[in-house]
Amino acid sequence: MSEENRPQMPTEAGRGPDPGRAAGEPALTPRGTPQRAPVSARRGDEIHAFPEMAVGEGDVRTADESLEAVRGTSLWRDAWRRLLKNRLAVFGLVVVALIALAVLVGPPIIKAATGFTYDYMPPGRTQSYAPFTAPDGTFSATHPMGTDSAGRDMLARVLQGGRISLMVGVIATFVSLLIGLTWGATAGYLGGKVDDVMMRIVDVLYAIPYMMVVIVLLAFFGGRSPLQQIFLLFAALGAVSWLTMARIVRGQVISLKNQEFVLAARATGVSTPKIIFRHLVPNALGPVIVYATLTIPSVMLQEAFLSFLGLGVQAPYASWGSLAQEGIQNIAVFPWQLIFPGVTMALTLFSLNFLGDGLRDALDPQMRKF
């Protein structure tokens, strides 16, 4: 190719003025971008190492913003924020907290203000009075929920019954949690024949009607004293409520036992019980907490059913179930004896279920929004 036919690169001197470029602006490079001086970073700023995670203008962050991003958040903080956005869960949490506070401080306040207790029967008064009604038929705020057939204040009895019902639910759930965590975590971590034997025992117990087991235990060991009957009720309900908990924990441990932190603990010589209860169980607490909050109302309902049959809490103590059993006998004449304990128990059970559903959604990783 001759020198005349070879294409020549245009020079700045041989090119006419560019109407789209202002005077003094650098010419375009072969790639099409103008040659500009590099932007100098402001003092106190730092270039983010991962631009896709940067927030704000460009890739530059101030030192305070970088430290705030490094601090980040935690699973429990995110779960708490998501829980507060669930209106039904917040409603359930508030109602459960108010009822728990009322059953704790209510009976002493009623005793100090009026002198009535859950088992106090005024002499010569064996008639049930309607709410806000005095013995002479006039209006009175002495008995806001009325009285029962023996003249005992229904408000004091409902609050005292709430103590026992909540205690049955919490303590029985704690017993089932203790047994289920130990059984399920051990079976899931050890695996093999140990897992097969332990879970076949769970399957056999699943085949037996658990309510029948509770009734047999209460009928065989109960009847000694009202206080011993309550503690036996705690143990009996907790001893048959751990089966599902064990299966949940076993599944969580199986999915976690081959993670890096477990392998590192095993390589450093950590014993098997410490790996199970210090490394695996704390990382499986999310589903366990959710199931525990859903177990409490279930156990309370079972206690109410047993008390309704006469196998639960015995006099002079009372629970919401035993109060409902007494109220059902006089529902046609004195309906408030059934309405107040029944409504209080239903409200508590609904609130606990709302709270459990909210915790399940808050602790579910698939519900997380980034």
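What share of the 370 residues of the chain counts as buried? The answer is 36%. Keep in mind as you look around that this is a predicted model.

**Figure 1. The whole chain, element by element.** Welcome to the overview! The secondary structure here comes to 13 helices and two strands. Take the contacts in the chain with a separation of 6 or more: 66% of them involve residues 24 or more positions apart. The views that follow pick out some of the helices.

Figure 2. Let's begin with its length. Helix α5 has 16 residues, and at 1.5 Å a residue it should span 22 Å; the C-alpha atoms at its ends are 23 Å apart, which agrees. Now look for its buried residues: Asp 195, Met 198, Met 199 and Val 202. These four cover an arc of only 90 degrees around the axis, so they lie on the same side of α5. What do they pack against? Their partners are α4 (154-190) and α8 (243-256). Turn to the other side of α5 and you will find Lys 193, Val 197, Val 204 and Ala 207, which are exposed.

**Figure 3. Where α4 meets helix α7.** Here is how two packed helices are described: by the angle between their axes and the distance between the axes. Helix α7 covers residues 226-239, and it packs with α4 at an angle of about 45 degrees, the axes being 8 Å apart. On the α4 side, the contact is made by Ile 164, Met 167, Val 168, Ile 171, Ala 172, Val 175 and Ser 176. From α7 come Ile 230, Leu 233, Phe 234, Leu 237, Gly 238 and Ala 239.

**Figure 4. Where helix α6 meets helix α11.** At what angle do α6 (residues 210-221) and α11 (residues 285-309) pack? The angle is about 50 degrees, and the two axes are 12 Å apart. That angle makes α6 oblique to α11. As α6 passes α11, the crossing is right-handed.

Notes:
Residues are numbered from 1 along each chain as its sequence is written. This is a predicted model: local features need pLDDT of at least 70, side-chain atom pairs count only at pLDDT 80 or more; totals for chains, interfaces and linings use all residues. Side-chain values use heavy atoms; hydrogens and water are left out. The expected span of a helix is 1.5 Å times one less than its number of residues. Buried means under 20% relative accessible area, exposed over 50%, partly exposed in between (1.4 Å probe, protein chains only). The arc is that of the directions from the helix axis to the C-beta atoms. Contact means heavy atoms within 4.5 Å. Axes are lines fitted to C-alpha atoms, for helices over the stretch in contact, and angles run from 0 to 180 degrees between N-to-C directions. Angles under 35 degrees count as roughly parallel, over 145 as roughly antiparallel, 65 to 115 as roughly perpendicular and the rest as oblique. A crossing is left-handed if the near helix is turned anticlockwise from the far one by less than a right angle, and right-handed if clockwise.
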